[in-house]
Amino acid sequence: MTEAVRRLAAFRELVLIMIIVVSGIVMSQLSEFFFTEGNLRSVVIGMVPGAIIAIGMAVLLASGGFDLSVAAVMALCGTICAYLLSEGAPIPLAIVGALLLGALVGSGNGVLVTFLRVNPLVATLGTLLVARGLALVITEGYNISNLPPSFVQLGQEGPLDLPWMVWIMLGLVLLADLALRHTRFLRQVYYMGGNERAARLSGIRVDALRVFTYVFSGTLAGLAGVLLAARLNTAVPTAGQNLELTVIAAAVLGGASLTGGEGTVLGAALGIAFLALLSNALTLLHVSIFWQIVTTGIVLIAAVSLDMLLRRRQA
Amino acid sequence: MSKRPPELAVEGLTKVFPGTRALDDLSMSVEPGEVHAVLGENGAGKTTLLMILSGVYAPDSGRVLVRGEEVSFARAQDAQAAGIGTVFQEFSLVGRLTVAENVFASHLPTRWLGVLDRRRMAREARELLRTLGSELRPDRSVASLDVGERQLVEIAKALSLRASVLLLDEPTSALSAEEAATLFEVLRRLREQGIAIVFVSHRLAEVFEIADRITVLRDGRLVDTRRRDEITPDDAVRLMVGRELSVLYPGRTEETGPARLEVRGLRSGPVGPVDLVVHAGEIVGVAGLRGSGRSRLVRAIVGAERRDAGEILVDGSAVRIDRPWQAVGHGIAFVPAGRMEEALFPRMSLARNLVSTCLGLVTRLGIVRAAAERRLAERLVRRLGVRARDVEQLVQTLSGGNQQKAVLAKWLALEPRVLVVDEPTQGIDVGAKAEIHAILRELAEGGLAVLMISSELPELLGMCDRVLVMANGRVRGALRAEEATEEQVLALAAGTAGEEAA
């Protein structure tokens, strides 16, 4: 029994996939719209920004870190990208600029947490406010629309009738998942999250690694901002309110732990997929958006409580 | 036997932790007005006994009796209510609060509606401190007190619920000689008041100064209880160790090679300047009381603590070590004192723990190869005789001794030139201890330079070729371990003998 439970916990991704498939089957019985190409497509496209941010969050949580600023950074970087484009900057330059800005905010978080020893919750709450505020300052609160068509393509056209942003998401999730599992460099992240002092004394350069994890997370948030702007043909400075919490919830559903040392990129991405599906299902069932928030919270609490129970049995 | 039952007694006390019997069928008693010392090596069960008596652990079997009545404690508060006060080695005071607030922390006197009765608190705290012979002002903040004064506050706190039994865990470990003398005055005063005192220490000299009776524990069992005048310090050591030292400690080196690790003028905070040399094939011990700076010294050598001045040379060339990874790069392996806190990744498998220092050996093109990882881990496990189901077993489920072997094993694949170990056998049973000792000697014979800290003098004297004795951040003397006695080491450690040396 305990061995089976342990196995199950080890293949959290598989459990999530099964839950997703089962809820898909149930939903297709409950709503005729659910299993239509249009609906599934919109679910997949809708989860792209969250899934891309979740990649960075999975790495951060595995390292024992934490980042509340990601959604605000996404909005800020999308805004900057659109701003640069509207000022006539070439598309690659605007994108690179946005990504660099994300990396810069991330390195700020990293320095605050690593060298000034500010609690990650407080540090990234601060940068959340700064980033969100700056996005509003730059746009004076307005959206920036009418972006160049070849930029907008990123979010609207692509092979197999799926926009490029979906393929970018799939590619990044796959790549990052393999990298976190198998590369020497990212293996160190698990050691750091498992026991930072032991990692340091084992010869791992934890300070540099810690800064890297925040830069990585910030850069991906920047990318999410760029892709969201392309999708909407608009940069919205208030985009992604509470998205950081959804992403953290998804990562935890996917096996991450706030105490560090655990979790995978695939798990976090599947967590995002599950939450996207849940929200879509509730919408199709005419549940109000307000109740959807409540439901997400309950699902998270239930999943994590169950997880804790299984682990305690295991120990 | 006596007309009235002992103030405190335990009968058949047993406590099992995964991998060790921390206490095994222990019976002993403490009379009112008696100082009863409990002696034993680390892992002998002293701390477990205190934890049970203070209500932190519940025994697996056996009884605790206070004045003849059986008691059982679900929580620490229950032990206090039964009249047992405890002062742990780690102080539990809140620096920003006052003396009085700390003394009454668990049961603050209140008036109507829960408003604090500060006047009564101050008055009672003052009375309590007077019974200890202290005129400490109850309104001073604890942060402004020195260690000896804090110790007094801890004792007052332990006695604040009218305790008739006082448990003291290594009460002098952080105290200077004068502070310890003051503490003993307090203990004598309490003894006259009829308090039963349990005094846990491994400082023999102190035990023989203050104790009325001495109980020796080994491997969780009672070895003997004797009146102080029926036992000599030598007897006590023999009873504590309990076997021929030659079994517990391997032989010493015949000859040593060139200097492997050299430290010149090292300073780190209050420590230093220190010079030392460890040769290839040599095991050098660092002795000293807690607070003597021995841990800080070795941690500064391996880059785990800030180094303010000084040079470190490995195989004759100066190296730069400001961070642990640099030390690792120069072939210096470090086994810190806290296995779980600083050396292992508790929720990871044995294999993952073992490759944490040497990922490079199982990596090709940046990818960690699972098969190579497993092979390396299995090789290390065999080499050091780590007993585990397989290398996938979670390291936190191993016994203490096997965990400690795992900590050593994780450095071996790197083939280090210098091995620095801090308390390598703390809290593990004697069998595992002997194995670790053999491993350390074998590594030294293979050409490593070993620098070793231990709180157990017998271990240092039994294992090492040379022992450096530290006090107040400086090396006060170097002794050839084979010829040195505990008394010599203690005299140097207490700062009462010797001069600067290296």
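This is a predicted model: local features need pLDDT of at least 70, side-chain atom pairs count only at pLDDT 80 or more; totals for chains, interfaces and linings use all residues.
Colleague: How many bridges join S11 and S12 of chain B, and in which sense do they pair?

Modeller: Strand S11 (residues 259-268) of chain B and S12(B) are joined by six bridges in the antiparallel sense.

Colleague: What sheet do they belong to, and in what order do the strands run?

Modeller: The sheet is open and has four strands of chain B, in the order S12-S11-S14-S15, with antiparallel pairing. Its edges are strand S12 (271-279) and strand S15 (317-319) of chain B, each of which pairs on one side only. From one strand to the next, the twist averages 20 degrees.

Colleague: Turning to chain A, where is Leu160(A)?

Modeller: Leu160(A) lies in the loop between helix H8 (149-156) and helix H9 (164-182) of chain A. Its phi is near 55 degrees, a positive value in a residue other than glycine.

Colleague: Is Leu160(A) buried or exposed, and why?

Modeller: Leu160(A) counts as exposed because it has 6 C-beta neighbours inside 10 Å, and the cut-off for exposed is 12 or fewer.

Colleague: And what about Asp161(A): which phi does it have?

Modeller: Asp161(A) is not a glycine, yet its phi is positive, about 65 degrees. Asp161(A) is also found in the loop between H8 and H9 of chain A, and it counts as exposed, with 9 C-beta neighbours inside 10 Å.

Colleague: How many residues does each chain give to the contact?

Modeller: Chain B gives 21 residues and chain A gives 17 residues. On the side of chain B that touches chain A, helix H11 (324-329), helix H12 (339-343) and strand S18 (367-368) each supply at least two residues. By class, that side of chain B has 14 nonpolar, four polar and three charged residues.

Conventions. Residues are numbered from 1 along each chain as its sequence is written. Chains are lettered from A and ligands numbered from 1 in the order in which they are written. Two residues are in contact if their C-beta atoms, placed from the backbone, lie within 7 Å. Ala, Val, Leu, Ile, Met, Phe, Trp, Tyr, Cys and Pro count as nonpolar, Asp, Glu, Lys and Arg as charged, and the others, Gly among them, as polar. A residue is buried if 20 or more other C-beta atoms lie within 10 Å of its own, exposed if 12 or fewer, and partly exposed in between; C-beta atoms are placed from the backbone. Two strands pair if DSSP finds at least two bridges between them. Axes are lines fitted to C-alpha atoms, for helices over the stretch in contact, and angles run from 0 to 180 degrees between N-to-C directions.
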